[in-house]
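Please look through the sequence and the model shown here before reading the notes that follow.

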Amino acid sequence: MAHEVKGVIASAKGEGVTITTVVVPDPGPGEALVRVQACGVCHTDLHYREGGIGDDFPYLLGHEAAGVVEAVGPDVTDVAPGDFVILNWRAVCGQCRSCSRGRPQYCFATHNATQKMTLEDGTELSPALGIGAFAEKTLVAAGQCTKVDADVPAAVAGLLGCGVMAGLGAAMNTGNVGRGDSVAVFGCGGVGDAAIAGAVLAGATTVIAVDVDDRKLRWATEFGATHTINSGEQDPVAAIQALTGGFGVDVAIDAVGLPEVFTSAFYARDHAGTVVLVGVPRPEMQLTLPMLDLFGRGGAVKSSWYGDCLPARDFPTLIALHQQGRLPLDKFVSETIELGDVDAAFTRMQRGDVLRSVVVL
């Protein structure tokens, strides 16, 4: 039978969100019904609301979530009712050319639920990133559920579903930060601070936080930044070079996604260093760099999509590191809110007042 639950809907481009009844079907083959316990308020949901990702309105927002599996469809064996899971938007297919080459972190045919969640009148909903977790229950592909230790609060565990994983992975997976490396992170919101935490966890000894907001720079030190630079007051490239013997860093991470920030990150790295883009640019943005500089500096220029993570590998490991006191995931939770507070949370997020607002159901 179908389940009627409350969910947060974006009905049209640029309009405020509303809470309404969502009809969630029982799981079919390869699907799982999840009772959502917590869901973070991510910039991606705001992009959906503003029409920056697509125009398949109405959207059921929310994707950075954790909860408990209530039911599974036929042939589902990896998770079972009662399992505490983090939801992910990389349920790898195992068959595309990336998967068949042993690179499932680049899978481009990830699975989502086949059945549609709807409004009461039958209008089909587009779930954000195939998840739609600003709701009391949601229907996902079973591969989007990663079982983890239930002793970790859902408000903390769910953060690995998107933003925090993106930042951690940008440093640890894409940037391949190693012991003794120097790292600069541009942008110290949730994703940037996660990149700082990931760099520290990977063994970096110099971790430089760059932002225009002194408050965010103070937050960055709580995640392990050894130095801070207010780029509104000084040239970040020169300041980073001064902190690294005049050379620049081994890995520079752009967690903002603006051309001018990426350019600074590009020039702030040492010769043969790596620059990683994890901040999401807008579609109209263009980047101009002298090709001779691109050639002459060597190294690597990379983009990081979901932190190049594999949820089945990374989520349980990172949860274990949190439980050991080595990864302070709880510090990312600025506030817990209700479903009706999502629009106000978007405003606080845009102002930079929070690292993460988390809806708790």
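In strand β13, asparagine 230 is the bridge partner of aspartate 211. The model that shows this pairing is a predicted one, and a search through the whole of the structure finds twelve salt bridges but zero disulfides.

**Two paired strands**

- Strand β12, which covers residues 206-211, and strand β13, which covers residues 227-230, run parallel and are joined by four bridges.
- On the way from β12 to β13 the chain passes through helix α6, made of residues 214-222, and the β-α-β crossover formed in this way is right-handed.

**Nonpolar cores**

- The largest nonpolar core contains 89 residues, and those with the most contacts inside it are Leu87, Phe134, Leu160, Leu168, Ile196 and Ile253.
- If residues up to four places away in sequence are not counted, isoleucine 196 touches Val185, Cys188, Val207, Ala209, Ala220, Phe223, Gly224 and Ala225.
- There is also a second, separate core, which has 16 residues and includes Ala184, Phe186, Val249 and Val275.

- Aspartate 343 and arginine 49 form a salt bridge in which the closest N and O atoms are 2.7 Å apart. Because aspartate 343 belongs to helix α11 (residues 342-351) and arginine 49 to helix α1 (residues 43-49), this pair ties together parts that lie 294 residues apart in sequence.
- Glutamate 70 forms a salt bridge with lysine 137, and here the closest N and O atoms are 3.0 Å apart. The pair links distant parts of the chain, with glutamate 70 in strand β5 (residues 64-72) and lysine 137 in strand β9 (residues 137-141), 67 residues apart.
- Within this second pair, glutamate 70 counts as partly exposed at 31% relative accessibility, while lysine 137 is buried, with a relative accessible area of 18%.
- Lysine 147 and aspartate 83 also meet through their side chains in a salt bridge, with 3.4 Å from N to O. Lysine 147 sits in strand β10 (residues 145-147) and aspartate 83 in the loop between β5 and β6 (84-87), so that the bridge links distant parts of the chain, 64 residues apart.
- Of these two residues, lysine 147 is partly exposed at 48% relative accessibility, and aspartate 83 is buried, its relative accessible area being 12%.

**A salt-bridge network**

- Four residues, Asp213, Arg215, Arg351 and Asp353, are linked with one another in a network of salt bridges.

**Cysteines without a disulfide**

- The structure holds zero disulfides, and cysteine 99 is accordingly in none, the nearest cysteine sulfur being that of cysteine 96 at 3.7 Å.
- Cysteine 99 counts as buried, at 13% relative accessibility.
- Cysteine 309 is in no disulfide either, and its nearest cysteine sulfur, which belongs to cysteine 162, is 9.3 Å away.
- With a relative accessibility of 0%, cysteine 309 likewise counts as buried.

How values were computed. Residues are numbered from 1 along each chain as its sequence is written. This is a predicted model: local features need pLDDT of at least 70, side-chain atom pairs count only at pLDDT 80 or more; totals for chains, interfaces and linings use all residues. Side-chain values use heavy atoms; hydrogens and water are left out. Buried means under 20% relative accessible area, exposed over 50%, partly exposed in between (1.4 Å probe, protein chains only). A disulfide is a pair of cysteine sulfur atoms within 2.5 Å. Two strands pair if DSSP finds at least two bridges between them. A crossover is right-handed if, with the strands pointing away from the viewer, the path from the first strand over the helix to the second runs clockwise. A nonpolar core is a set of buried Ala, Val, Leu, Ile, Met, Phe, Trp, Tyr and Cys residues joined through side-chain atoms within 4.5 Å. Contact means heavy atoms within 4.5 Å.
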